[in-house]
Amino acid sequence: MCFLFDSFEGWKTYSQTHNQQLHEVVLDYEKEQKGASESDIWSGLAKAYQVMKDAVHTGTTEEMKSRSGMIDNGAKKVANSDITVLSPEFKLLISSALGAKEVNSCMGRVVAAPTAGASGILPGVFTTLQSIHHLEDQTIYEALLIGAGVALILEQKASLAGAVGGCQAETGSAAAMASAGIVYCLGGSTDQIFNAAGITIQCMLGLVCDPVAGLVEVPCVVRNASAAAIANSSAQIALSHVSSVIPVDECAEAMGEVGQSMESRYKETAQGGLAATKTGQALAKKILIQDIEILPSQDAEED
Ligand code: SF4
């Protein structure tokens, strides 16, 4: 029987005793749970990564204005900005993560990784990493499997849904998946991979889910960019042999405990945080009126 992804420590022990790499343990899980062949899994990963690459391209090159107007070509503005805050690579990371998520907010095609709300993080991180380090696609597919393993454990110990555990569960989990994947791609050890995930959770812990007007746009899009940046900073720290001190399993349990104690207004109900601000409330009212105005009238329907 395959490993059931109930803890990071268990994943490490299983991979050592079965002489498998971390991603191979996930591959076996996918084969057994889905009844899929190995080649089906690799081709599924290839398709998923292609959708991610397409989302980054679309989001950074095409018109990205959401119906509410809250999303207005942010990724292109960053990509074409005259000002480079840190480096061209950092700018690429930020615009790519924003772009892929803007595609989701504009009803385009994305990979929910782990959710649609967090769909810009893995694409932004992996396409940028690949362009800098000239990685093979196969290495990225293996990193995606590592990310899937991280998500499986976080789902058990905490949650992957903003409505259950706040935004830490969505963008936080995606960032942990991405940082573990980065460390894998750059040759890090199992401990470094898990330290990166643990450090990322520490950085994202407590983040509430407060979408303005109940739409997955503000602050969701910009949080995808910041989560991509945190995934990279955590990977850099872990690859430099810095420990997360608190083991990743305990970080995940803390995420679960924090999520459980969060008030419901911080769990996708659009009743707290940014959604409850004066401007957030005004936007919600304006968007509701727009929606009512474009609904066909009763008379028109009867005609
Ligand atoms: S704020 Fe809520 S809806 Fe938006 S990305 Fe975070 S968890 Fe998802």
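Residues are numbered from 1 along each chain as its sequence is written, and side-chain values use heavy atoms, with hydrogens and water left out. In this predicted model, local features need pLDDT of at least 70 and side-chain atom pairs count only at pLDDT 80 or more, while totals for chains, interfaces and linings use all residues.

**Exercise 1. Find which residues surround the ligand, and sort them by class.**

Step 1. Helices here are DSSP runs (H or I, at least four residues), and strands are E runs of at least two, numbered from the N terminus.

Step 2. Sort by class. Ala, Val, Leu, Ile, Met, Phe, Trp, Tyr, Cys and Pro count as nonpolar, Asp, Glu, Lys and Arg as charged, and the others, Gly among them, as polar. The shell has 4 nonpolar, 2 polar and 3 charged residues.

**Exercise 2. Describe the aromatic pair of Phe5 and Tyr29.**

Step 1. Recall the rule: rings of Phe, Tyr and Trp (its six-membered ring) pair if their centres lie within 6.5 Å; planes under 30 degrees apart are stacked, over 60 edge-to-face and the rest tilted. The structure holds 8 such pairs.

Step 2. Phe5 and Tyr29 are 5.3 Å apart centre to centre, with 85° between the planes, an edge-to-face pair.

**Exercise 3. Explain why the pair of Trp11 and Phe194 is called tilted.**

Step 1. The ring centres are 5.4 Å apart and the planes lie at 40°, so this pair is tilted.

Step 2. Trp11 sits in helix α1 and Phe194 in helix α10 (residues 190–204), 183 residues apart. Both Trp11 and Phe194 are buried.

Step 3. Widen the view: Trp11 and Phe194 are among the members of one aromatic cluster, which also includes Phe5 and Tyr29.

**Exercise 4. Work out how many disulfides the structure has.**

Step 1. Look for cysteine sulfur atoms within 2.5 Å of each other. The search finds 0 disulfides.

Step 2. Check Cys185: the nearest cysteine sulfur, that of Cys203, is 20 Å away. Cys185 counts as buried because its relative accessibility is 10%.

Technical notes:
Buried means under 20% relative accessible area, exposed over 50%, partly exposed in between (1.4 Å probe, protein chains only).
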